[in-house]
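Okay, thanks for coming, everyone. Let me put the chain up on the screen and we'll walk through it.

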Amino acid sequence: MTIEPLITRTDHGQLAACQLYLVRHGTTVLNVQNRYRGRRDIPLDAQGYQDAVDAARRLSSVGLTAVYTSPLRRAIATAQIIADAAGVPDLRILHGLNNLDYGVWEGMTAEEAAAYDPEAFALYRVSPDEAACPQGERLLDAQRRMIAAVELIGSRHPGEAVAAVTHAVMIRLTLVALNGVQGESWRRSVGRGSVTEFHVDGAIQLAELPEGVGSAGPSIAMSRLTAGGAMPG
């Protein structure tokens with residue numbers, strides 16, 4: 001499989017924006033089984049390592065200066081492959097990048113989660129600003145810590161290219177913060193090992209969706225979130 005490297009753009013305006021590449025970790029056995037992973041510390045499977053290699057190849061030309069990661073080992077393994085390929089000597093674990101705590105839903109399929117708590121699951125499907133996982137985390141709280149992590153990385157690395165390995169729902173919640181998306185469309189597909197580019201320069205701007213990720217049109221590409229700005233909910 002041939003992986004095309006990302007094209008690095010430098011015309012981001014006068015401010016020295018951090019080019020932040022949010023990477024979804026590679027495949028695990030629970031991904032294959034379509035079960036919520038949450039905070040379960042499961043390893044990559046063989047395909048997951050290939051996903052990480054593919055992400056590293058896509059990022060090979062952007063000049064990474066730092067690689068951040070969720071504390072879970074599937075993210076750390078993905079991040080290590082990216083860092084090794086880029087010649088970045090150290091990983092930086094950032095707990096704000098950790099996955100949503102799905103509480104009792106962890107290990108369940110969507111059908112099992114819906115049967116366990118139909119009302120909570122209905123909110124999860126269509127209203128991320130109101131939803132909470134039973135005995136787990138509110139999606140709004142997860143979104144806020146993710147945005148704080150993105151802002152922190154941007155403040156540390158102005159004018160640099162940085163990768164941060166996280167989880168699908170956390171990338172989706174970042175997009176929700178930028179666009180206020182509600183309804184089923186907030187749960188857009190985010191491929192395993194995919195790379196989503198943001199510019200962070202005091203505000204957060206979506207620069208590029210990865211191939212295979214559904215787009216909501218031109219308003220997505222121009223969306224900006226001002227640091228400290230109002231969040232949904």
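So, which side chain does Ser 127 join in a polar contact? Asp 129, at 2.9 Å; a polar contact is a pair of N or O atoms within 3.5 Å, where, within protein, one must be able to donate a hydrogen and the other to accept it, and residues adjacent in sequence count only if both atoms are side-chain atoms.

Quick caveats: this is a predicted model, local features need pLDDT of at least 70, side-chain atom pairs count only at pLDDT 80 or more, and totals for chains, interfaces and linings use all residues. Residues are numbered from 1 along each chain as its sequence is written, and side-chain values use heavy atoms, with hydrogens and water left out.

Back to Ser 127: you'll find it in the loop between helix H5 (118–126) and helix H6 (139–156). Helices here are DSSP runs of H or I, at least four residues, and strands are runs of E, at least two, numbered from the N terminus. Ser 127 is buried, at 6% relative accessible area (buried is under 20%, exposed over 50%, partly exposed in between, with a 1.4 Å probe and protein chains only).

Zooming out, the protein chain has 8 helices and 7 strands, and 53% of its 233 residues count as buried.

Now H6 again. It packs against helix H7 (residues 168–179) at about 85°, axes 9 Å apart; axes are lines fitted to C-alpha atoms over the stretch in contact, with angles from 0 to 180 degrees between N-to-C directions. So H6 and H7 are roughly perpendicular, which covers 65 to 115 degrees (under 35 is roughly parallel, over 145 roughly antiparallel, the rest oblique).
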